[in-house]
Amino acid sequence: MTTVHYDSALSDAERRACLYAGDLFVYGPTASSRKLVELGREMVAQAFAPLDPEHAQFDLPVERYAEILAALKPAFIHHPLCKELLPGMLGELGCDLERTYFDVPRMRTATSDEYLSTGIAYAFHPHRDTWYSAPFCQLNWWIPMFALSAQNCMAFHPHHWSAPLRNTSAEYNYQEWNRTARFAAAAQIGADTRRQPRATEPVRADPQIRLLPPVGGIIVFSAAQLHSTVPNTSGRTRYSIDFRTVQLDDVVGQAGAPNIDSYCTGTTMGDYLRCSDLQHLPREASAAYESGPPQAVVSRA
Ligand SMILES: [Fe+2]
């Protein structure tokens with residue numbers, strides 16, 4: 001069973017407990033999430049001008065399209081306004097800004113009709129972020145920039161919340177990935193040769209959950225949820241913004257979702273910045289994570 005909470009009045013502590021148990025949360029737009037989407041939309045409009053960003057893919061050679069994204073995405077990630085709007089949004093949604101840490105927001109693109117689904121516009125196969133060295137207390141926040149449809153959104157695969165999958169996460173180390181593959185994203189057109197953690201047995205993708213919040217609305221989910229990019233057949237490029245958070249008490253207490261099948265090493269703990277003053281997590285809090293996640297509990301029937 002998966003519970004989806006809409007505009008929940010639960011406290012942040014109650015919400016985290018539900019998320020670590022596999023629930024999903026959806027919120028309508030907040031003042032700051034609206035501004036974040038406005039900023040993103042202005043930037044894509046400018047990048048693709050005079051073309052309409054949702055349809056620009058149909059008028060551009062794929063190399064040119066990838067080139068535009070390669071400039072646009074880092075400009076968004078490092079835009080100074082993002083570091084105000086993300087904490088603003090988290091505060092509006094009940095997070096304690098002294099104890100909540102976020103990483104920089106990514107802008108994602110899912111092009112339609114398999115135009116470009118590698119590298120800079122990677123279409124994510126079913127995965128857990130915890131296969132990519134995310135801690136089990138990490139929460140993901142996902143915001144559509146344009147109207148979504150069931151043909152261009154993301155999907156959750158709740159069967160695998162509790163059912164482990166054989167996968168290649170043991171080969172993944174975040175620190176190693178940062179040294180090598182990440183910076184090669186824009187060059188990956190056609191085939192993506194970077195080794196990403198993936199399932200090595202069939203995924204039970206159905207039943208799947210496709211949530212369609214309005215523009216500027218927010219989906220919140222645990223980094224341990226199995227999720228994927230829905231193959232985009234909508235005829236429109238999907239643009240979305242996502243970022244991750246951890247909460248200090250849970251980092252220190254090693255709280256979070258259970259680990260059923262993540263074997264990666266390294267940690268993303270060094271990436272998060274405190275909402276109130278952009279300081280990194282105290283070293284003593286994150287040190288326990290450096291060797292990788294806690295032992296996976298494998299229980300195959
Ligand atoms: Fe993900």
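**Reading strands, helices and an iron site**

Q: In which sense do strand 5 and strand 9 pair, and over how many bridges?

A: Two strands count as paired if DSSP finds at least two bridges between them. Strand 5 and strand 9 pair over six bridges, in the antiparallel sense. Within this pairing, N140 stands opposite R244 of strand 9. Strands are DSSP runs of E with at least two residues, helices are runs of H or I with at least four, and both are numbered from the N terminus. The model is predicted: local features need pLDDT of at least 70 and side-chain atom pairs pLDDT 80 or more, while totals for chains, interfaces and linings use all residues. Residues are numbered from 1 along each chain as its sequence is written, and side-chain values use heavy atoms, without hydrogens and water.

Q: Which other strands pair with strand 9?

A: Strand 4 runs antiparallel to strand 9 and is joined to it by five bridges; there, A110 has R238 as its bridge partner. Strand 3 (residues 100-102) is also antiparallel to strand 9, over three bridges, with T100 partnered by Q247.

Q: Is strand 9 mostly covered or mostly open?

A: In a regular strand, side chains alternate between the two faces of the sheet. Buried means under 20% relative accessible area, exposed over 50%, and partly exposed in between, with a 1.4 Å probe and protein chains only. Strand 9 (residues 238-247) is mostly covered, with 10 of its 10 residues buried. R238, S240, D242, R244 and V246 point one way, Y239, I241, F243, T245 and Q247 the other.

Q: Which residues touch the most other members of the largest nonpolar core?

A: A nonpolar core is a set of buried Ala, Val, Leu, Ile, Met, Phe, Trp, Tyr and Cys residues joined through side-chain atoms within 4.5 Å. Here the largest has 52 residues, and F48 and W141 touch the most other members. Helix 3 (residues 62-77) gives the most to this core, with seven residues. A separate second core has 13 residues, including V26, W142, C153 and L211.

Q: Which residues coordinate the iron ion?

A: Donors are N, O and S atoms within 2.8 Å of the metal (3.2 Å for Na, K and Ca), and water is not among the atoms, so sites may look incomplete. The iron ion is coordinated by H127 (NE2), D129 (OD) and H227 (NE2), at 2.2 to 2.3 Å. Along the chain, the donor spacing is H-x1-D-x97-H. D129, in the loop between strand 4 (106-110) and strand 5 (139-144), and H227, in strand 8 (residues 227-229), are 98 residues apart. Both D129 and H227 are buried.
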